[in-house]
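Subject: Handing over a structure

Hello,

Here is the structure I promised to pass on. Please open it next to this email and read the two together.

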Amino acid sequence: MSGSPDGVLGGGTPVPDELVRRARALAVPGRRAVLGITGPPGAGKSTLARALVDVLGPERAVEVGMDGFHLSDAVLAAHGSRERKGAIDTFDDAGYAALVDRLADARPGDPPVYAPVFRREIEEPVAAGVEVRADVPLVVTEGNYLLAASGAWPRARARMAEVWYVDVPDDVRLARLTERHRAFGKSPDDAHRWARGSDQANADLIARTRDAADLLVVGEGRPPSGPGPDPLRSSRPAGGRTGPRRLGGPADAQRSR
Ligand SMILES: Nc1ncnc2c1ncn2[C@@H]1O[C@H](COP(=O)(O)OP(=O)(O)O)[C@@H](O)[C@H]1O
Ligand SMILES: [Mg+2]
């Protein structure tokens, strides 16, 4: 895993200016906003979230992944769902919603909030993996199910100022996902099987949430081993609104007038 330099996406693409501008507009000192980034597995959510946080810097933004709410392998085994790890019912959605509530409610002077992280090397969540200081105005949270309509997901979404949906053509997404599974220790066969089996069922569910996004962030879809970076561009969802939804709640009050 070679790390990306600050503020650039995989392959060396800078984060598009419009995205940096929108994130900066949410990162107002003295307040707290939560920005969500969603999309199917392998689309580049984590990469974009990390790059945005890098651009804004640690005083302005911090990343909190939904992936920290993966159920542990022990619980998945008890549920008989280990083979579907990553499916919507293999996450603690209520736990995530409670955390997003705490993150959205935090104001300067409050104690820090500790969020779990998912460690891909061991494929397990780890508690208190990231410290979110109350004076950092923007929390960037990313994951598969931010726009899902079931369970506690809508509760979490309601505390997010905006949710962006990252998309790339499916063939490229699958190639990236397979490569990532391999890089983290799966055999080529297993990597292929996961990307096209369990992960694909999740991708189909996630794709149906696309139109609920406030912004689409679309890559041209150059493969990971390709000759150059994959530039991203942003647009409004086809079925969509003309601007961010107003959902009420403190995190939303500061949005578009
Ligand atoms: N814009 C991009 N250009 C080229 N490669 C990218 C881009 N965004 C992500 N990738 C690569 O694609 C793979 C999946 O990205 P990741 O951010 O982990 O996806 P997600 O979090 O949506 O599952 C990673 O190997 C990453 O380096
Ligand atoms: Mg990710």
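Below are some notes on the chain as a whole, its sheet, its helices and a few single residues.

First, the ground rules. This is a predicted model: local features need pLDDT of at least 70, side-chain atom pairs count only at pLDDT 80 or more, and totals for chains, interfaces and linings use all residues. Residues are numbered from 1 along each chain as its sequence is written, while chains are lettered from A and ligands numbered from 1 in the order in which they are written.

**The chain**

The chain has 9 helices and 8 strands. These are DSSP runs, numbered from the N terminus: helices are H or I with at least four residues, strands are E with at least two. Of its 257 residues, 40% count as buried. A residue is buried if 20 or more other C-beta atoms lie within 10 Å of its own, exposed if 12 or fewer, and partly exposed in between; the C-beta atoms are placed from the backbone. Take the contacts between residues at least 6 apart in sequence: 72% of them join residues at least 24 apart. Contact here means that the C-beta atoms, placed from the backbone, lie within 7 Å.

**The sheet**

In what order do the 6 strands of the open sheet run? The order is 2-5-1-6-7-8, and the pairing is mixed. Two strands pair if DSSP finds at least two bridges between them. At the edges are strand 2 (61–65) and strand 8 (232–235), each pairing on one side only. On average, neighbouring strands are turned by 25° against each other, direction ignored.

Start with strand 6 (residues 162–167). It is mostly covered, with 6 of its 6 residues buried. Glu162, Trp164 and Val166 point one way, Val163, Tyr165 and Asp167 the other. In a regular strand the side chains alternate between the two faces of the sheet.

Now its partners. Strand 6 pairs with strand 1 (residues 33–38) in the parallel sense, over 4 bridges. Tryptophan 164 in strand 6 is the bridge partner of isoleucine 37. Strand 6 also pairs with strand 7 (residues 215–219), again in the parallel sense over 4 bridges. There, tryptophan 164 stands opposite leucine 215. Strand 7 and strand 8 pair in the antiparallel sense, over 4 bridges. Leucine 216 stands opposite serine 235 of strand 8.

**Helices on the sheet**

Helix 1 packs on the sheet, touching strand 1, strand 2, strand 5 (138–142), strand 7 and strand 8. Its direction makes about 150° with that of strand 1. Axes are lines fitted to C-alpha atoms, for helices over the stretch in contact, and angles run from 0 to 180 degrees between N-to-C directions. Helix 4 (residues 93–105) lies across strand 1, strand 2 and strand 5, at about 140° to strand 1.

Leucine 103 lies in helix 4. It is buried, with 23 other C-beta atoms within 10 Å. Leaving aside residues up to four places away in sequence, leucine 103 touches Val34, Val64, Val113, Val132 and Val139. Its C-alpha atom is separated by 7.5 Å from that of valine 139, 36 residues apart along the chain.

**Helix 1 against helix 2**

The axes of helix 1 (residues 17–26) and helix 2 (residues 45–56) come within 10 Å and cross at roughly 65°. The two helices are therefore roughly perpendicular, a term for angles of 65 to 115 degrees; under 35 counts as roughly parallel, over 145 as roughly antiparallel and the rest as oblique. Leu19, Val20, Ala23 and Arg24 in helix 1 meet Leu52, Val55 and Leu56 in helix 2. These residues divide into 6 nonpolar, no polar and 1 charged. Ala, Val, Leu, Ile, Met, Phe, Trp, Tyr, Cys and Pro count as nonpolar, Asp, Glu, Lys and Arg as charged, and the others, Gly among them, as polar.

**Residues to look up**

- Glutamate 123 sits in the loop between strand 3 (113–119) and strand 4 (124–132). Its phi is near 55°, a positive value in a residue other than glycine. It has 13 C-beta neighbours inside 10 Å and counts as partly exposed.
- Alanine 128 is in strand 4. Its phi is also positive, about 50°, although it is not a glycine. Alanine 128 is exposed, with 12 other C-beta atoms within 10 Å.

Best wishes

Methods: Contact = placed C-beta atoms within 7 Å.
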